[in-house]
Amino acid sequence: MTGHSSRAAPDPSASRIVVECVGLGRTYGTGAAAVTAVAEVSFALPTSARVALVGPSGSGKTTLLHLIAGLDTPTTGTVRWPALRDIRRGRAAKVGVVFQGPSLLPALDVTENVALPLLFAGKSADQAMQHAGIAITLLQIGELADRLPDELSGGQAQRAAIARVLAARPKLILADEPTGQLDHDTAARTIAVLLDTADAIDAAVIIATHDPAVADRLTTRWTMCDGRLDTGSAVTGPGAGVAAGAAGAIDIGGDTP
Amino acid sequence: MIGNWTRGLLRRRSARLTATAVGVAASVAALAGIGIFLAAAQSSMTDRAARSVVVDWQVQVEPTASPGGVLDLVRATDGVRTAVPVGFAHSSGFVSSAADTAATTGPGIVLGLPDGYSTNFPGALRTLTGTDSGVLLAQQTAANLHVTPGDTVEIGRAGLAPVPVMVDAVVELPQANSLFQTIGAPPAAQPVAPPDNVILIDQARWHTLFDPLAAARPDLVTTEIHAALDHSLPSDPASAYRVVTASAHNLEARSAGTALVGDNLGASLGAARSDAAYAQVLFLFLGLPAAVLAGLLTATVVATGQVRRRQEQSLLRARGASRSQLVRLAAVEAVVVGVGGSVVGLIVAGLAGWATFGSARFGATTAGAVGWAAAAAATGLAVAASAVLAPAWRDLRRMNVTAGRATVTAIGPPLWVRFKVDIALLVASGVLFWLTSRNGYELVLAPEGVPTISVSYWAFAAPALLWAGAALLIWRLSDLILGRGRRIIRTILRPYAGSLSQTVANSVSRQRRPLARGIVLLALALAFAFSTATFNATYRAQAEADAQLTNGADVTVTESPGNPVPPAAGTTLSAVPGVAAVEPIQHRFAYIGADLQDLYGVDPSSITSVTTVRDSYFRGGTATELMNQLRAQPDSILVSAETVKDFQLSPGDTVNLRLQDERTHQLATVPFHYVGVVAEFPTAPKDSFFVANAAYVAVQTGSDAVGAFLIDTGGTGTAAVAERIRAAIGTSATVTDITTTRGEVGSSLTSVNLAGLTRIELGYGFVLAAAAGALVLALGLAERRRGFAIASALGGSARQLRSFVVAEAGVLIVGGLLAGSLTGWVLSEMLVTVLTGVFDPPPTSLTVPWTYLAAVGSTLVVVVVVVAATTSHLARRAPLTALREL
């Protein structure tokens, strides 16, 4: 059965699995013009996972991230978020997405953009602004708090987008090329903040990236090619276990750092 | 490159191109439609003016000339279809001794009509009773003599024995005024009332009776040649007038002083050309804003995509495109929508014209049609160029690549704000409005006998400047309020948006420029609908007032002057089924100094029970106050403003009038006291007149004879009641009903064409207002679908996303309705004042069509709500392609 499972009863044995995909696939179009962006992906991601998702352009990384985030409906398979309770309309509330490219709302300043998901989650305006301020400080963009997105450089806008995700303290962080517009040093600092914050809030992280330096910071490497996911890349450090669910899945043992 | 770009535009931006082309088409259709309407209106005006004339020319044969020679000359004139001689003989009076009464009239006229006169000039005579030929008595003559068909009347002849004739019929002479005109009188001369006593006989008998009189007293016998012309005239009244009057003058020149032409057709066409000029002014006043609005709508549609265009332009510049290349690309888009929109607009206008008038001609003449169509198409191209090409050119000149990529630009005031151009325009409008008032708002000058007419196009300036100034002022105020009113917006939104209210308010404030544009467009569309509908409603109200003033009441029975009828005769009328109330009103003539005016004697306590007497008819008090004054102080009198000025009257002054005393049959001085000014009164003429207490006049003059009976039918079945009254009283009096009068007033040339125009304009205003609201909101929100996709991806619920949409929609509706209502009201006041010459009588206040305005306003609200709801729904379901653009 395709689609998202909502409000799944938590399985004690799977309480540390933040997202689980079984036979997940996404095809666009029909017949001869059909294009399979993601094919038969299965995995179970624990809360401590630090995954680098690599692959050539057009391999399906972004589509996979959208499916995991619940932003897109799979054509086949299922995606569940066992560890997350707040599931609405097939999407988990505690999933933060850093989009590739500019994603700030142009009519809101940086602080308002960062606070927006918190306001959407029902926080009061004061609370939302307070949390936004903390995240902005973390990403070292405090001097940009009152600026509009069109007054920011690409890198500054991307850091603001990351701050927006971190401010909401998600349990799963999905980042699509978050450092694409950043210089090397800034990219390193940004990734460090992102990972540190993920550690602090016990969030899993999947980062789609072409940057080897970024990939090296992560404990697990998944490779995407022609819509197929190979989760069997070498683990470079102590990493979270990933339950094998499909051909090519790799079991990463060890405790999560 | 151009080809690729064009294909890309058509493939990927087809919706926006279509919307822009539709706006262009609307502008073109509005202008072309005005041209078709003008052409049809002018053509119908000429046609109706020609058909309203029974005898096109009345050619006076000079006393020393040969009637036969003049007849031949007239018949030989190009364009003359028929010409016949008609004899006019002055009689010393008519005497009847029907039954046991004898009656004698004063001097009269006997006409000698050739055979077939009624066939050649249909409408000249209307038989009321009797046969169609023989000895015909005019209705009033028959009433004066108390005769009916079969009775004998003696025709007096100066110096000769009277001749008895047997009456064959009683007829009405619908065009008695022109039939008995003084041919050759100077244009400024006062019109002469037609004779009361007229008999028409066949020409053979006329010659028998009056040739001897002609020999003895040639001054008492004349001949006219009555001619019917070929009505294949130019469709434009002014051109038709020139053709007919030139022909008449040519005939006079060729006659070498033996003929004088009474050019009835020329006179009718002269009035029509004045009406046509007024119609042209009206159509431009009322129709041009529609075309301008459509152009503004187009510009607004284009402006909603301005950010994306700028970004595309910046991208291309960053990739190496030169300015000229970018201008060419923008020109391609402008040409595509300009040409496409113009073609569609012309087709739509043509189809609408064909459906409405059976003609798709854009002008009265071929040259005019081609010119007007070309002008409309050129306007469409100009709209496209100004909406698409000009902003692109301006951005290229002013912005660098980086600035062009901005989505929300730094907000600095435009130049015109700093120079207060809006205030200057409004002040200029006020000044021009005042200057126009100095010539009494005479928009059209059509001096009699002068072939050309002039239109004061300066009168356009005041409303035009008001439009422009109001638009800019609305923009300024919208920008100001939205910029500084975040707290107010937040407070209003809080119940709906909760903790999001501040964020939404900030978003609205930062997007205040496009919102201000939307508010301006919406306000102007509403103002257009408001002003057009109010002008139309006011015109109709004045036309109804005119009908009521002309007829006096639902049914009016006007007694013959020589037939004194007491008020008690009203009981006969009261017995007629359908009559609710009857009120007698005296009609006398009174001298004030050397000036002879009509005097109406009324019963102040009951006059208002059968007819409407409005406060606007008077000055110096309300209708109730002045009627009460007439009742309390019977020698009170109401006079015209001109009389007050001529005689320097102050309230309370004694006014001595000389009236006919029926006891002595001499003029007697009757004192009155001036208490107020009367400008209009039921049945009263447009000239100066008096209104007094009937009882006082009756006592002072020894006669309570009634001039007319005003009859109330309750407003229903007036025509039927009038027929019953006619059957009851015969031909002794003239019976008129308000339904017929309303039709006559409503069939004036301007009225009919205005009705047609405003039907189109009211529909146009309705559609424009709805389209403005829908398009501005829909396109603006569509441009931000990516932002909505992001917000949805960030977890925004439907209600939360909706709060952004609701805020913008609310700002548009409230701002548009408020600004549009106020602007529409001011514009209506100005239009009604500037075009006061169209109204009869001039209005003292606006008549506001609340039903239509409520329909427009509520439709606008519904449309905006539907668009907002649809956009919100789509925003929540934004396609992932929008996200993939991130």
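Below is a short exchange on the interface and the cavities.

Reply: This is a predicted model, where local features need pLDDT of at least 70, side-chain atom pairs count only at pLDDT 80 or more, and totals for chains, interfaces and linings use all residues. Residues are numbered from 1 along each chain as its sequence is written, chains are lettered from A in the order in which they are written, and side-chain values use heavy atoms, with hydrogens and water left out.

Me: How many residues of chain A and chain B are in contact?

Reply: On chain A 30 residues, on chain B 27, where contact means heavy atoms within 4.5 Å.

Me: And what area do they bury between them?

Reply: About 2,500 Å², 61% of it on carbon and sulfur atoms. That is accessible area (1.4 Å probe) lost on being put together, summed over both parts. In chain A, Ala107(A), Phe120(A) and Asp150(A) lose the most, together 24% of what that side buries.

Me: How many salt bridges across the interface?

Reply: Two, taking a side-chain nitrogen of Lys or Arg within 4 Å of a carboxyl oxygen of Asp or Glu. Asp109(A) forms a salt bridge with Arg510(B), with the closest N and O atoms 3.5 Å apart.

Me: Switching topic. Which residues line the largest cavity?

Reply: Val54(B), Val55(B), Ala124(B), Gln175(B), Ala176(B), Ser178(B) and Leu179(B). A cavity is a set of points on a 1 Å grid over the protein atoms alone where a 1.4 Å probe fits but cannot get out, and lining residues have an atom within 4 Å of a point.

Me: What volume does the largest cavity have?

Reply: About 50 Å³, as the space filled by probe spheres set on the points, which are joined across faces, edges and corners.

Note on methods:
Buried area is the accessible area (1.4 Å probe) that two parts lose on being put together, summed over both. On a 1 Å grid over the protein atoms alone, a cavity is a set of points where a 1.4 Å probe fits but cannot get out, and a pocket is an open set with protein on both sides within 12 Å along at least five of seven lines; lining residues have an atom within 4 Å of a point.
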